[in-house]
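Student: Please take me through this model step by step. I would like to start with the words I need.

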Amino acid sequence: MSRTRNLAILLFDEVEVLDFCGPFEVFSAANRFAELPAFHVFTVAEKQGPVLTRGGLSVNPHYQLANCPKPDLLLVPGGQGTRQEMNNPTVIAWIKQAAVEAELLLSVCTGALLYAKAGLLDGLETTTHQGAIDLLRQTAPRTVVHADRRFVDNGRVVCSAGIAAGIDMSLHVVGRMRGEKVALETASYMEYPYNPSHGA
C-alpha cells in the first residue's frame, strides 16, 4: 500500500540552488496529484543555522544531522561545496548510516561525489555535471560514469547530471513510485518539458 515517505535533502554551504530547489519543488508538487501525500520533503544540514548557497541565498534547514527523521529517500545535491563535504567525515558517515535503511539514494550534479566517497557507487553506473565527469571517475574508479545522460537509474541509486537535470530525475522517481500519470501531471503543473526517455 502507498504511504508517505520521508525525503531528506542534504544541504551544505555552496550548494547549487536549483540542485535542491528543483527536486524540492517536484516532490512537493507531486503531493497535489497523489491519492495521499506521497512525500514528506525536508532539508537537513550538519549544523544548526542558515546555509549559504552558491550565489549567496541563505536557507534555513529543517533539521540537523543529529535530529533528522529517518529518510526513506535521501537526496544529495551538488555545487562547489561538495569538494569540501566529500572530505567531511561527519557528513560522509551520516550518509553511510542513512543509506543502510533508505529505500532510494538520489544525487544531483556533483552530489554523486559524496556517494562515491561513502562507497555507495561501487559497481554501479552514474553521471554528474559535465564539468565534474573526470573528478567523479577519479573518485569512483569502480563506477561507470556516463557523460551523455540526464540521469541514470540503478534501481536503488539514481543519479542525475548537472543542475536542471535533477528535475528530470525527480520526475522519473515520482513516476516510479506514484505512477507516470502523477509524474506527467506534476510536470504539467510546473510547466516543465519532461521527457521520460532522457534517462536510462
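Tutor: Start with burial: a residue is buried when its relative accessible area is under 20%, exposed when that area is over 50%, and partly exposed in between, using a 1.4 Å probe and protein chains only. This is a predicted model, in which local features need pLDDT of at least 70 and side-chain atom pairs count only at pLDDT 80 or more, whereas totals for chains, interfaces and linings use all residues. Residues are numbered from 1 along each chain as its sequence is written, and side-chain values use heavy atoms, leaving out hydrogens and water.

Student: OK, so is D168 buried or exposed?

Tutor: D168 is buried, with a relative accessible area of 1%.

Student: And what does D168 form a salt bridge with?

Tutor: A salt bridge here is a side-chain nitrogen of Lys or Arg within 4 Å of a carboxyl oxygen of Asp or Glu, and D168 forms one with R150, with 2.7 Å between the closest N and O atoms. D168 lies in helix α6 and R150 in the loop between β9 and β10, so the pair ties together parts that are 18 residues apart in sequence. Helices (H or I, at least four residues) and strands (E, at least two) are DSSP runs, numbered from the N terminus. R150 itself is partly exposed, with a relative accessible area of 31%.

Student: How many salt bridges are there by this rule?

Tutor: The count comes to ten salt bridges. One of them joins D122 and R142, whose closest N and O atoms are 3.2 Å apart. That pair links distant parts of the chain, with D122 in the loop between α4 (111-117) and β8 (125-126) and R142 in the loop between α5 (133-139) and β9 (144-145), 20 residues apart. D122 is partly exposed at 36% relative accessibility, while R142 is exposed at 59%.

Student: What about R149, which side chain does it meet in a salt bridge?

Tutor: R149 meets E125, at 3.7 Å from N to O. This pair also links distant parts, since R149 sits in the loop between β9 and β10 and E125 in strand β8, 24 residues apart. R149 is partly exposed at 27%, and E125 is partly exposed at 32% relative accessibility. There is also a network of salt bridges that links R3, R5, D72 and E103.

Student: Back to α6, how many of its residues are buried?

Tutor: In α6, 13 of its 14 residues are buried, leaving the helix mostly covered. The expected span of a helix is 1.5 Å times one less than its number of residues, so α6 should span 20 Å, which agrees with the 20 Å between its end C-alpha atoms. After α6 comes G179, whose phi is positive, near 100 degrees.

Student: Which strands does α6 lie across?

Tutor: Helix α6 (residues 165-178) lies across β1, β2, β6, β7, β10 and β11 (157-160), running at about 150 degrees to β11. Axes are lines fitted to C-alpha atoms, for helices over the stretch in contact, and angles run from 0 to 180 degrees between N-to-C directions; contact means heavy atoms within 4.5 Å. Helix α1 (residues 17-30) lies across β1 (5-10), β2, β6 (73-76) and β7 (104-107), at about 155 degrees to β2.

Student: In what order do the strands form the sheet?

Tutor: Seven strands form an open sheet in the order β5-β2-β1-β6-β7-β11-β10, with mixed pairing, where two strands pair if DSSP finds at least two bridges between them. The edge strands, β5 (63-64) and β10 (151-153), each pair on one side only.

Student: And β7, how many bridges join it to β6 and to β11?

Tutor: Four bridges join β6 to β7, which run parallel, and L74 stands opposite L105 in β7. Three bridges join β7 to β11, also running parallel, and S107 has C159 in β11 as its bridge partner.

Student: Last topic, which residues have the most contacts inside the largest nonpolar core?

Tutor: They are L10, F39 and I95, in a core of 64 residues. A nonpolar core is a set of buried Ala, Val, Leu, Ile, Met, Phe, Trp, Tyr and Cys residues joined through side-chain atoms within 4.5 Å. Leaving aside neighbours within four places in sequence, L10 is in contact with several residues, including V44, L75, W94 and I95.
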